[in-house]
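Dear colleague,

Please find below the structure that I am handing over to you.

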Amino acid sequence: MKPAPSFAARKPLAAALLLTAAVLVLTADERYFGLVMDGRIMVRTAVSMVTLGEIGIARGQAVAIDRPGGDSVTRYGIGPSLSLAIPVLFSGAFERGIRPGASQTLFVLHQILWLLAVVAGAGALARSWGGDGTAVRRAALAAVLGSPLWAYAGADFSEPLQAALVAATFAAGAAAVAPGVPTRRSLVLSAAAGAAAGGALLSKSLFVLALLAALALVVLGGEKSGRFRRGGAALLGWLAPAALWLAFEIVRFGRPFAGYAGEHFSHPLLDGLWRLTVGPNKGLLFYFPLVVLSAAGLIGLARSRPAAALASAGFVGALLVSTAAWWAWDGTFGWGPRLLLAAIPVLAALAGLAAGRMPSAVFRVLFGLGVAVNAIGVLQPDTDTVAYLGILPRRTVPASDVGRYPAFTRDADPATGGALLDDQFWVAEVAALSPLRVAPWLLLQRFEGGDVLARLRTPPWPTDRPELRPEKAPEMIIPPAKLAHLTRPFAWPHLGMSLFRKKADIYWGAAYTEALLDQALRAQDMRRADRAVDFSEQLWAILPNPQTAVVLAESYRLAGRREALRDLADRIRNRRPVDSRFPVVLALAARDSGDAEGARGLIGSSLAAEERPEIRRLLSLPVAEWPATLRDVTGENVKPRGVPGRD
């Protein structure tokens, strides 16, 4: 009597989903969500949507788009913020009912669910392309656990969403033309493929490519008799999200494809191609070794399903070429070749198909290598690696190459007539600085414990070249919040860790409360005093600390609520520490009431606590000429010559 088949044999996709879910839950790091500026902007926009039905965020972001009304809007695809609105809906209850920062669990769970959608899409795609149960299971496991996407469960990038929508586009399109599919179901699946392609467009404008892939799948594949009906269904499915995308583009930028004004496809194409494929820093071969099988799978697919092979090769090739030519070809931040990760589910499906024609050891070895490499990015998030590389000097860029880089990446270099390029925009071109070398070393320092900071002063790369010699000691150049992550002892990450965070964990991400703060500041800049008070009081109720006290006090001042400001000031005086900006708010209130002498005295109190040039400048001005708001005083509402992801 034959033994009963295992669950994995009977339900290969379900087994892969369960295993991936378990691994993600047991390894997702909630401490980093909300620490990268790009992700913060997306969450801030989501909070604006949920709380106000708007898309505005506060000014002061290096890469946001300022508007005449006193606020800014995100330059990124609106899809990620629409998706993030779901965890935002429940975040306030978590923050108030459990503890500040508890909603981090919701945001990371949201990322995990998108990654599981990637798994499901890759497995379904392999099945539609003729794969057996083993091929389905292999494709599903490879899509996340064998790829860099695993490291994005706790990150605030939109790559999990992008990859999930691309997976859905291909999976639905392939299923629509599978043999024996009834006509009605084929049309529904074609429409679903178009809708998913439209969602991908909402997440990133470049993914107009997804529509072309969907059309290639449903029009060129399957029975010829229904191809135009399937194509029409795909276009109808795509139309609604595409119209929403166009509306948001025009509202924000005045025209489509204008969110990245000043940024160009200026990187040498051939250089980008080799670096993204086999390069030691961001080469896909190193982060997703199964791509070797993907190439073989594409050849096999071309024989049996040429339309599917065309769609796959066209999408992956167009994404690779456009990324290789982009000025930030490496994605700047994020584990692995971040800008290529949307193609992973397609590559995983192809690898799963090809593995069936080879000894099983081939898949196991390549999959194992992928797991081992990407586990480094899971346990030692790339955010830390980027922060540590900040000890390097800026690179001199000749005048002839300055135009390749956006203004927010560089400062003028009067000595050469060129520019000084911030370190994170050139380190990916130096093999000695590969994350595959630096990240394991950083992880080892935290495992060893002891005086980690002392060991960080001697980097793991050779320093014989001037550009590789640290400019300063880590504690002199890395912000304290980021240095704390680099030097803390290793603690195993897992979903739900924010539900038990301690008051001492002040450097963990707090995406929701940070977004509430952003809306309070936005309201102050727009002179919407009542709205500023509302958000500030919500923030104070969740997280009463010296920083939120400043925001609440300034909101009370702008709203003319003198008694509330006085009561708050009386409470704050009995607390320690007090933010040095708090006396500045009181000084502005004294100015408002005509007490010039008292206002100057309060500025002196602020300077006694902390010397800040922008505050001292007030003493050189007549009180009547002082700026109207605290953010006008500090300049925090002015777009800096800053860097996305670094603050």
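Glu467 is partly exposed, since its relative accessible area is 22%. Please bear in mind that the model is a predicted one.

Glu467 forms a salt bridge with Arg395, and the closest N and O atoms are 3.4 Å apart. This pair links distant parts of the chain, 72 residues apart: Glu467 belongs to the loop between helix 19 (452-456) and helix 20 (474-477), whereas Arg395 is in strand 3 (residues 395-397). Arg395 likewise counts as partly exposed, at 22% relative accessibility.

Two further salt bridges lie within helices. In helix 11 (residues 269-277), Asp271 and Arg275 are 4 residues apart, about one turn of the helix. Their closest N and O atoms are 2.8 Å apart in the salt bridge. Arg275 has a relative accessibility of 14%; because buried means under 20%, this residue counts as buried.

In helix 25 (residues 562-573), about one helical turn separates Arg573 from Asp570, because the two are 3 residues apart. They form a salt bridge with the closest N and O atoms 3.0 Å apart. Asp570 counts as partly exposed, at 39% relative accessibility.

Over the whole structure, the search finds 29 salt bridges.

Lastly, strand 4 (residues 410-413) and strand 5 (residues 418-421) run antiparallel and are joined by 4 bridges. Arg410 stands opposite Leu421 in strand 5. The hairpin of these strands has 4 residues between them, and Gly417 takes a positive phi near 80 degrees there.

With kind regards

Conventions:
Residues are numbered from 1 along each chain as its sequence is written. This is a predicted model: local features need pLDDT of at least 70, side-chain atom pairs count only at pLDDT 80 or more; totals for chains, interfaces and linings use all residues. Side-chain values use heavy atoms; hydrogens and water are left out. Two strands pair if DSSP finds at least two bridges between them. A salt bridge is a side-chain nitrogen of Lys or Arg within 4 Å of a carboxyl oxygen of Asp or Glu. Buried means under 20% relative accessible area, exposed over 50%, partly exposed in between (1.4 Å probe, protein chains only).
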